[in-house]
Amino acid sequence: MPRFSVIVPVHKVQAYLHECLDSVLLQSFSDFELIAVDDRSPDGCGEILDAYAADDPRVTVLHLPENVGLGRARNRGTARAQGDYLLYLDSDDTLAPGALQAIADRLDATGAPELLVYDYARTYWDGTVSRNARAGLLTERVEGSPEVFRLADRPELLRLLAVVWNKVYRRDFVARQGLTFPPGYYEDTPWTFPALLTADSIATLDRVCVLYRQRRRGNILSTTSRRHFDVFAQYDRVFAFLDARPGLERWRPVLYRKMADHFAAIHNNPERLPRSARAEFFRISRAYCRRYRAAPAATCPPQPALLRLRRLLVRLGTHRTFRLLSRAGRLRAFLAARTRAVHASARKAALRVHYALQRRRPLDDSLAVFSAYWNRGYACNPAAVEAKVRELAPHIRTVWITTPEHAHTLPPGVRRINPGSPAFWSALARARYLVSNTNLTQAYAKRPGQVHLQTHHGTPLKSMGLDLRHYPAGADGMDFAKLLERADRWDYSLSSNPHSTLVWERAYPASYTTLEFGYPRNDVFHTATAEDVARLRAGLGIPGDATAVLYAPTHRDYRRGWRPHLDLARVARLLGPGFVLLVRPHYFYDGEPEGELPEGVLDVSRHPSVEDLCLASDALVTDYSSLMFDYANLDRPLVLHAPDWEAYRAARGTYFDVTETPPGPVARTEDELVDLFATGAWTGPHARELRAAFRERFCPYDDGRAAERVVRHLFLGEPRAALPQPVPPAERSPAPPYAPPVPGVPGVPGPEGPPEEAREEAPEEAPEGALEGGSCPASASSSPLSRSRAI
């Protein structure tokens, strides 16, 4: 029989679950069982739990057939427990290193008490850790009080946070007292007070054992809902427990004060109650105070002045006072904003007034605003979604935000608006839908009813969002607080694979809904034809009998300027005339390589569509660019060139070691890279095996219908169950690689060049560069292929 049963209820916490489980399983004290209760979690939590159970026999997973809530999920775990002691841990929190050993040692030192209270620390998104402000109450030796005691000896413990997870309970004590968790919010209340009041032996441990994650969004305490009214039923249960045990009657005044303070805390927190429900909550609070009021008792611990003021306000019914205080706070914020506006330019002030007036007008249900790459043109996932909106939802009017410099990238019929113009602010104020792969301007304030889709622009290999806090070179002075404010505006976050889902939810903690629909920009990899591929190659000037290798290295945070890790002239010479290198540097480097490119090397840095370049190529050579995740959809050879992997990982941070699970053969040096092509290893059986495993892991939803799923769900309101289900990677038929033209077959261009109409349609000058993530600051629909196919 194990010493501890660690019970972890799990629901919609996939971004934090690995950290929680690891914090338990990596404890130095190993005599425990971990019971994880999957409370019908709709995300990937169930699969994560099963993987842990398969790897560690100490893990037991209970999959509940329906969602029952936190309290009843704990009950299921308790019923399954075999340990001497029960320890409850919320699935977004963690155990501190060495916590179980410290708890076990303290239990041994105090003769196995029925209940041990230990400390916790709050952890915040910015890395701050703050220990419980009342940690002094956990002093293990108090003058005049034994080490093991009853609550009457140290009533001040009631001033600690009334939660279940800062204590460990002897299992026979829980069974004897019949302690169970009720349904609803604040389920800890009718468990914690009865446990403290009835325990015959209590001990304390003055040590932080739990790291209490302060989630920005998604936790109960920051959820606006009428479910906070559940607190009333929980205190009914507390006082019913007292009524059933006359010997505990002297504690009624103490619990009454705890109740009044609790009601006031909920009422005063603007995040918890809907505005329409605040007056009703207040009236019920007063009724409960009248119902359970009792005379003060000598055992009552002293209360801080602020808490006494809160109780007084509740008793006096000064609901109007609370409202006035709230309005005063809003008034101060308004005056501060007006002061800043005075110092702004006259034009900015006028635009703000214009924007404010537009926000007073009704939302336009038929208007959708799109942008990509900080307004650099028609590109990436937003472009593919916009085109699909025009196809499937023609009643929606679309507008695209971009500068005049990139106006030529827009397809015919798409209205363009200038960033910062009156039309721009009118659109942001009134559009029902907003779609972007980066964040909109900080000055934009999202209105109730607006739907904001963040599509992102790549699968994350390198650290992103909050994870950049530990990598200053990559963060480059990023304001993380403002970053999270912008993430708070997202309603939906688009994901192309489970890995991305976990990273986005952890790196951008907000209350959005994740849509695992795939990346719309990759749809073209499954819809393009052999004729399209041949036309693209001819337009790029690739000889008909040549093997085209796309070389797309990523940006280095620790280096400045475009300095490829390959000697392009030497590589082209060693590969021979049968190969041509298409060089695509990162757009940070002004969109073009320095100096003249040697024979056998084509500069495609200014080509408007990286998707078209992928289709035209026969293979991809990259280092750590997320383009590899997109290119894998084509099921064409990939070679990883990783000459500085350790330096890159140290400077930027990565989520996994891509050299251990690569999309194809790995070359550490230039000579190794050339050898892979010279020996044919780049297309061999091992390369195909690596590519297949990579596709299975990172391309589960990119089947050519991602844009359709997005439009049908967001713009047409179709439920997820009715959407086209992704086709497994092994059953897909991506665009075929180039095959030399067959003489006498019309419609297929030969090596001499594109058809005349294609040459006339090609743009004279394309926008600069490609953005990492398999995209560019120009349109996936700006090339002849893309426009003709209306991605």
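Which residue in S12 is the bridge partner of Trp-400? The partner is Arg-416. This is a predicted model, in which local features need pLDDT of at least 70, side-chain atom pairs count only at pLDDT 80 or more, and totals for chains, interfaces and linings use all residues. Residues are numbered from 1 along each chain as its sequence is written, and side-chain values use heavy atoms, with hydrogens and water left out.

**Whole protein**

- The protein has 28 helices and 22 strands. Both are DSSP runs, numbered from the N terminus: helices are H or I with at least four residues, strands are E with at least two.
- Of its 791 residues, 57% are buried. Buried means under 20% relative accessible area, exposed over 50%, and partly exposed in between (1.4 Å probe, protein chains only).
- Among contacts with a separation of 6 or more, 74% join residues 24 or more positions apart. Contact means heavy atoms within 4.5 Å.

**The seven-stranded sheet**

- An open sheet of 7 strands runs in the order S12-S11-S10-S13-S14-S15-S16, with parallel pairing. Two strands pair if DSSP finds at least two bridges between them.
- Strand S12 (415-417) and strand S16 (513-516) stand at the edges. Each has a single partner strand, so one side of each is left without a neighbour in the sheet.
- Neighbouring strands of this sheet are turned by 25° against each other on average, direction ignored.
- Strand S11 (residues 397-401) pairs with S12 in the parallel sense over 3 bridges.
- Helix H13 (residues 380-392) lies across strand S10 (364-371), S11 and strand S13 (431-436). Helix H13 runs at about 160° to S11. Axes are lines fitted to C-alpha atoms, for helices over the stretch in contact, and angles run from 0 to 180 degrees between N-to-C directions.

**Trp-490**

- Trp-490 sits in the loop between helix H16 (480-487) and strand S15 (492-495).
- Trp-490 counts as buried because its relative accessibility is 3%.
- His-452 is 38 residues from Trp-490 in sequence, yet their C-alpha atoms are 5.1 Å apart.
- Beyond its neighbours within four places in sequence, Trp-490 contacts residues including His-452, Tyr-508 and Tyr-512.

**Ser-201**

- Ser-201 lies in the loop between helix H6 (189-198) and strand S9 (202-213).
- With a relative accessible area of 15%, Ser-201 is buried.
- Leaving aside neighbours within four places in sequence, Ser-201 contacts Pro-113, Glu-114, Leu-115, Val-148 and Phe-149.
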